[in-house]
Amino acid sequence: MRYYLIAFIMILLDQVSKWMIIKYLEIGDRISVIGEFFQITSHRNKGAAFGILQNQQWFFIIITIIIVAMVIWFLEQSKKENRPILCVALSLILGGAIGNFIDRVRMGEVVDFLSFNFRFTLFGFEVDYPFAIFNIADSAIVVGAILAAVITFFSVKKGEV
């Protein structure tokens with residue numbers, strides 16, 4: 001049950017943060033956290049990561065239901081195999097997927113607000129790269145996926161998979 005608690009905590013953190021953005025900021029408002037590098041920016045996304053596949057809500061809803069079912073199945077299998085770190089990774093993915101799913105079903109779009117802009121000089125060239133605006137659910141999915149990939153890589157290398 002603890003792994004579902006991790007997923008629930010991620011959903012809660014995600015939804016509370018999004019509620020605060022909706023309540024206190026208008027779309028497009030920015031609050032500087034670390035100068036121009038890190039800002040809280042009220043943004044809505046009707047697509048997937050990096051704004052691709054805009055206005056495909058039914059597609060995302062169906063895909064998310066399938067992914068959530070698969071993650072729950074893998075989580076249950078990983079629990080039986082006593083793979084706690086993989087279970088944590090899958091819990092993060094599950095919480096993030098459900099967090100964004102709630103937005104899509106409720107509002108037809110996902111609330112994003114974490115904005116990073118990378119400005120620096122590299123080998124004499126000026127770099128100005130605004131990274132795609134994202135949210136806590138997205139972060140949980142990415143961290144969970146990276147953790148699962150690393151665990152899988154080392155398991156394959158050791159011949160466990």
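So, F123: you'll find this residue in the loop between β3 (110–122) and β4 (125–130). Strands here are DSSP E runs of at least two residues, helices are H or I runs of at least four, and both are numbered from the N terminus. Before I go on, this is a predicted model, where local features need pLDDT of at least 70 and side-chain atom pairs count only at pLDDT 80 or more, while totals for chains, interfaces and linings use all residues. Residues are numbered from 1 along each chain as its sequence is written, and side-chain values use heavy atoms, with hydrogens and water left out.

Back to F123. Its phi is near 55 degrees, which is positive even though the residue is not a glycine. Is F123 buried or exposed? Exposed, with a relative accessible area of 76%. For those words, buried is under 20% relative accessible area, exposed is over 50%, and partly exposed is in between, using a 1.4 Å probe and protein chains only.

N82 also isn't a glycine, and has a positive phi of about 55 degrees. That one sits in the loop between α2 (57–80) and α3 (84–107), and N82 is exposed at 62%.

Okay, now the inside. A nonpolar core means buried Ala, Val, Leu, Ile, Met, Phe, Trp, Tyr and Cys residues joined through side-chain atoms within 4.5 Å. The largest one here has 14 residues, and V71, L75, L86, L90 and L94 have the most contacts inside it. Two or more residues each come from α1 (2–24), α2, α3 and α4. Which helix gives the largest share? That's α3, with seven residues. Take L94: leaving out residues up to four places away in sequence, L94 touches Y4, A7, V68, V71, I72 and L75, where contact means heavy atoms within 4.5 Å. There's also a second, separate core of eight residues, including I21, L25, I40 and F134. In general, nonpolar side chains in soluble globular proteins tend to be buried together.

Last stop, R44, in strand β2 (residues 38–45). R44 is buried but has no salt bridge, meaning a side-chain nitrogen of Lys or Arg within 4 Å of a carboxyl oxygen of Asp or Glu. The nearest side chain of opposite charge is E109, 4.1 Å away; for charges, Lys and Arg count as positive, Asp and Glu as negative, and His and the chain ends aren't counted. Beyond four places in sequence, the residues R44 touches include I21, I22 and I27, as well as E109.
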